[in-house]
Structures are given as structure tokens and as C-alpha cells.
Amino acid sequence: MEPKEVLEYAKKHSAMMVDLKFLDFVGMWQHFSVPIYELEESTFEEGFGFDGSSIRGWQPIHASDMLVIPDPNTAVMDPFLAGPALSLICDIVDPITHEPYSRDPRNIAKKAAAYLRSIGIGDTAFFGPEPEFFLFDDVRFDQGPNFGFYSLDSVEGRWNTGREERPNLGYKPRYKEGYFPVPPSDKTQDIRTEMCRVMEQVGIRIEAQHHEVATGGQCEIDMRFSPIVEMGDMLMWFKYVIKNVAARHNKTVTFMPKPLFGDNGSGMHCHQSIWAGGKNLFAGDGYGGLSEIAMFYIGGILKHASALAALTNPTTNSFKRLVPGFEAPVNLAYSSRNRSASIRIPMYSTSPKSKRVEVRFPDPSCNGYLAFAALLMAGLDGIQSRIEPGSPLDKDIYALSPEELEGVPKMPASLEEALDALEADHAFLLKGNVFTQDVIETWLDYKRKSEVDQIRLRPHPYEFALYYDV
């Protein structure tokens, strides 16, 4: 939409407020609202001022003034706010220089898209993430100097087969057997459908929804692929919609990769392809129906995977999922059809338009704009440097012996290792000034001080079972 069209759209829908949404550095949506009469055509150039020092990873207190600039192309009516509210996703701008803010994740994704065009490889990078999540009925957690605990519950939880529910009807998915059961075992079908309908209201096209492997309400809803920036926007709407629809039903959602012990974690497989002039550049006559460009793209992802993990798997909890020998794709290999590889080539269709690569190690705790931009930059580095991905591994990787796996590289075992890898390997991210050195250093500093150190300092509840009586 043009700014004038946005004003007409707001009037048509009787908007009372304008809700201005933007992303903090770590990956959480923030917002503030202004009355509709404060929105003018000039607003889309002049923006609104706010305090950037209160946003995680952003400005110091002595240079806190920032501007949000609404993007008119993101205008929709917010589906949850009681008074009719026009929602606009915003970019962040320095009020003095009027330059896009280098730590704004949406700006980084925009620069990645522009870099792709500037180097002449293609004009559009498409991303199609598959975020998994858990839908729980209750969550409690707390931490103090002398205690720490969490407790999760779900009417679907297999651990509740013996609970007095007056009556307990059973039909609780078995551990690791929750993939595609019909109701009444699948108790989340109608809520997932409602989530899909609301996402369609804000412009997201849904391809499928289903129960996932774990017990206790693990779900997946798949969005149709879109260009990198638009998909970053959609992922934020995705999380917002799912959490708010769940709250309508007095339920709670988490995108933590590994909230449950002993069952599958939540990943976010990312389908990717590069196009030019309406033609899919990843389609070819090579392995899995891929082109040479696609193979080099895979080579770049595999080469930089350890550094990518700091952005695609950016929590300490992420590495509870990425454990060798269990369900997650920790072995850095590629294969057609094989879901045990960290990069898979889907073979559902032979159409050139459907050819893509699926990177399977990311998880939904990530900041989508940063993760997608980093994956694209790694793949482009592979194309530019002609990085061969090696031979495919068309075997069940989980069934291979230690000797057979000896030469297969693996993902980092912890967030600390991933951050160290990013510190050592990030030149590919700096190309085209897409990521800046300041962004990399701020990310490393925040993650180490606010997350890695904080987990390292606190006793783990299971340590008492292991060591209390030593």
C-alpha cells in the first residue's frame, strides 16, 4: 500500500489506534500505540520517537532517542486488540543521521536481500520455515538463591495416564508417537485451525497444520514460502497469533526447543531457494534435481554451520535438542529425502519450481530476520567461493557406527561453542555490510553475559539427584 491507501484502509475499518510493532535485538516483538489521528502521510517518512535504551541490545542511555518508521506495506488490522487497531511493522532509524539502525534485525534482513541483488546471482531469496511449538495447559517456573524449578502440564501429556481427571479418558499420545494421530488423541486440532484462520486474516498463507511427534501438545503449522524480509515479518505474526489464540483458550505456547525431557524437541526446518527473473536457480540436473549453484549453496551452509548455530539455535536450551544419537540432525551432511541429515533435498515433486534445500538444524527460538539473513549469507559465500559440499550421505545417519561417523562434522554441543565459532568465523556475514562488526560483537557479548553466564552460575535441579549425597 501507499501511505494514502493506508489511511483509507484505517478509515474503512474504523481504526481507533495505530499499533507500531518492531523487533528487539534478541528477537521479541515490541510495540506502542498512538491514536489514529496521529497517523498522517508524512508519518511514513518522519516516524515516531521512542526510547531505544530500554530495548535489549540497543542504545546506551546517553544516546537513547530513536525513530520507528512504519512500513505501509505491512498494514493490517490487529486481530486481538479490543478497540479496532491498525497494525504497522516498523523499521528503526537514527533520528540524527536518518540512517537505518544497524542493530535493527529487520534492517539486516533487508540488507541481505539487497546484497543478493547487488552481486548478480539472483533477485529473490525465498524462505519457508516450519516452526514447531508446544501447547501446554499450565506452566510454572521460578528461581531463587536456594531453589529452582519448572513444571509443565498438558491434558495430552502421557505422564497423566494415571491422573484422577473425573474421568480420565486416556487418549494421550505415547512418547515419540504423536505424529498425525486423529482426535480424540489429537486434542489441539480445532485450536490449530483457529490459529490458521487468524493468520490468514493478517495475510499469511498456510500450507498445512498437524500434531507433531512429542506427547503433551507438540504442534506444527507450515506457512507458504515468501521472500526473506516478508517471511521475517510473517514469523513474528506467526508467534504473536499462536500465543494469543492459545491464551483465548486458557492455554500457553512455548517455542523453546526442548521443554520436555525424554521426548522430541521443537525444530524449525528452513526451506530455501534463490530465484532470478521468475526462474528457480536451484533446479538442475544434478544430485536430487539440484543445480550447481544449489550445491555450492549447500557447501556454504555446511562450512559455516557452527557459526550459524549462534544465530539459528541461539539459546542454551537449543543444545538440549541438538544432542548426538537422538532425534535432532546434528551431523553436518546432506541427502535427498533423508530426514536424518542436517540438510535435506525434498523430493515431493519433480517440478523445477519446487526445487529447494531444507536446512534442518535451526529452531524456533531464533530471531527470524537474523537467522534467515545469516543462512542466506552463508549460502551465497558457498556460491561465490564455489564450496563443494562433498558426497551425499544417503544412509540412516542415526544407525551408523562411531567409526562410520568419525569423518562427519557435527554441530556445536553448546551455545558457548557456537558463540566461539561465530567469533572465529563471521567474515562471510560482513560482506556488503549486511551484518556489521558491532552487531556481531553486541550479539556475542549479550549472549555470553545474559544467557551463558547466567546458566553457568546456577545449580541445575538434576545435580541434586546426582551429587547431593556425595
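Biologist: Where is D396 found?
Modeller: In this predicted model, D396 is found in the loop between α8 (368-385) and α9 (402-405).

Biologist: And is D396 buried, exposed or partly exposed?
Modeller: D396 is partly exposed, since its relative accessible area is 46%, which falls between the 20% limit for buried and the 50% limit for exposed.

Biologist: What separates D396 from L116?
Modeller: Their C-alpha atoms are separated by 35 Å, and along the chain the two residues are 280 residues apart.

Biologist: How many salt bridges does the structure hold?
Modeller: The structure holds 28 salt bridges. One of them joins D24 to R56, whose closest N and O atoms are 2.9 Å apart. That pair also links distant parts of the chain, with D24 in the loop between β1 (17-23) and β2 and R56 in the loop between β3 and β4, 32 residues apart.

Biologist: Switching to strands, what does β4 pair with?
Modeller: Strand β3 (residues 48-51) pairs with β4 in the antiparallel sense over four bridges, and D51 stands opposite D65 in β4. Four bridges also join β4 to strand β6 (residues 85-93), again running antiparallel, with P70 standing opposite C90 in β6.

Biologist: Why call β4 largely enclosed?
Modeller: Five of the six residues of strand β4 (residues 65-70) are buried, so the strand is largely enclosed by the rest of the structure.

Biologist: Now the rings: how many aromatic pairs are there?
Modeller: The count comes to 18 aromatic pairs. One of them is W29 with Y240, an edge-to-face pair at 5.6 Å centre to centre and 75° between the planes. The pair links distant parts of the chain, with W29 in strand β2 (residues 29-35) and Y240 in helix α5 (residues 228-248), 211 residues apart. Both W29 and Y240 are buried.

Biologist: Why is Y179 with F180 called stacked?
Modeller: The ring centres of Y179 and F180 are 4.1 Å apart and their planes stand at 15°, so the pair is stacked, as the angle is under the 30 degrees used for that class. Y179 counts as partly exposed, at 46% relative accessibility.

Biologist: Back to W29, which cluster is it in, and what lies over its face?
Modeller: Ring pairs link W29, F80, W237 and Y240 into a cluster, and K21 lies over the face of W29 at 5.7 Å from the ring centre. Elsewhere, the charged end of K239 sits over the ring of F255, 5.4 Å from its centre.

Biologist: Which residues form the nonpolar patch on the surface?
Modeller: V139, F141, Y150 and F261 form that patch, and together they have about 540 Å² of accessible area. F141 lies in strand β8 (residues 138-144) and counts as exposed, at 62% relative accessibility.

Terms used. Residues numbered from 1 in each chain as written. Predicted model: local features only at pLDDT ≥ 70, side-chain atom pairs only at ≥ 80, totals over all residues. Heavy atoms only, no water. Phe/Tyr/Trp six-rings, centres within 6.5 Å; stacked < 30°, edge-to-face > 60°. Helix = DSSP H or I, 4+ residues; strand = E, 2+ residues; numbered from the N terminus. Buried < 20%, exposed > 50% of the residue type's maximum accessible area, 1.4 Å probe, protein only. Lys NZ or Arg CZ within 6 Å of the ring centre and 35° of its normal. Patch = residues over 30% accessible without salt bridge, like charges linked within 9 Å, V, L, I, M, F, W, Y side chains within 5 Å. Areas by Shrake-Rupley, 256 points an atom, 1.4 Å probe, with all protein chains shown as cover. Salt bridge = Lys/Arg side-chain N within 4 Å of Asp/Glu carboxyl O. Pairing = 2+ DSSP bridges.
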